[in-house]
Amino acid sequence: MTSVAQTAEQVMQQGNDAQLAIMRRALKIVLEEADPRTREVFTRVALEDGDPSKVASDFGLTANAVYQIKNRIIAKVRRITEEDPLNG
């Protein structure tokens, strides 16, 4: 028999899975709308944990510009997830 604690844990995990799915969907939408360079900069810095200074150098940008690209993408994802009626 499943305990109340186990059931609660399962419900919480399902909620976390749903939240993660919403965020993934939002990120996919934002990255599809971004230009290829922006998408690549964001991917290398935020998803692949690349060094912002190295990425900046590779793309002829300043490190600050790389951070701005990352922060703009994250802000767009947040806006989409906050607008999602299934979120929260």
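This is a predicted model: local features need pLDDT of at least 70, side-chain atom pairs count only at pLDDT 80 or more; totals for chains, interfaces and linings use all residues.
Reader: What makes the pattern of the protein α-α-α-α?

Author: The protein has 4 helices and 0 strands. Read along the sequence, that gives α-α-α-α.

Reader: Why is H2 called roughly antiparallel to H3?

Author: The axes of H2 and H3 cross at roughly 155° and come within 9 Å. Angles over 145 degrees count as roughly antiparallel, so H2 is roughly antiparallel to H3. The crossing is right-handed.

Reader: Which residues make the contact of H2 with H3?

Author: From H2 come Arg37, Glu40, Val41, Arg44 and Val45. From H3 come Pro52, Val55, Asp58 and Phe59.

Reader: How many of these residues are nonpolar, polar or charged?

Author: The contact of H2 with H3 has 5 nonpolar and 4 charged residues, and no polar ones. Pro counts as nonpolar, so Pro52 falls in that class. Asp, Glu and Arg count as charged.

Reader: Why is Asp49 called exposed?

Author: The relative accessibility of Asp49 is 68%. Exposed means over 50%, so Asp49 counts as exposed.

Reader: Where is Asp49 found, and what is its phi?

Author: Asp49 is in the loop between H2 and H3. Its phi is positive, about 55°, although Asp49 is not a glycine.

Reader: What makes a set of residues a nonpolar core?

Author: The members must be buried residues of the listed nonpolar kinds, joined through side-chain atoms within 4.5 Å. The largest such core here has 16 residues. Those touching the most other members are Leu27, Val41, Phe42, Leu61, Val66, Ile73 and Val77.

Reader: Which helices supply this core?

Author: Helix H1 (4-33), helix H2 (36-47), helix H3 (52-59) and helix H4 (63-83) each supply at least two of its residues. The largest share, 5 residues, comes from H4. In soluble globular proteins, nonpolar side chains tend to be buried together.

Reader: What does Phe42 touch, leaving aside residues up to four places away in sequence?

Author: Phe42 touches Leu27, Leu31, Leu47, Ile69, Lys70, Ile73 and Ile74. For a pair to count as a contact, heavy atoms must lie within 4.5 Å.

Reader: How much of the protein counts as buried?

Author: Of the 88 residues, 26% count as buried. The cut-off for buried is under 20% relative accessible area.

Reader: What share of the contacts with a separation of 6 or more comes from residues 24 or more positions apart?

Author: Such residues account for 54% of those contacts in the protein.

Key: Residues are numbered from 1 along each chain as its sequence is written. Side-chain values use heavy atoms; hydrogens and water are left out. Buried means under 20% relative accessible area, exposed over 50%, partly exposed in between (1.4 Å probe, protein chains only). Axes are lines fitted to C-alpha atoms, for helices over the stretch in contact, and angles run from 0 to 180 degrees between N-to-C directions. Angles under 35 degrees count as roughly parallel, over 145 as roughly antiparallel, 65 to 115 as roughly perpendicular and the rest as oblique. A crossing is left-handed if the near helix is turned anticlockwise from the far one by less than a right angle, and right-handed if clockwise.
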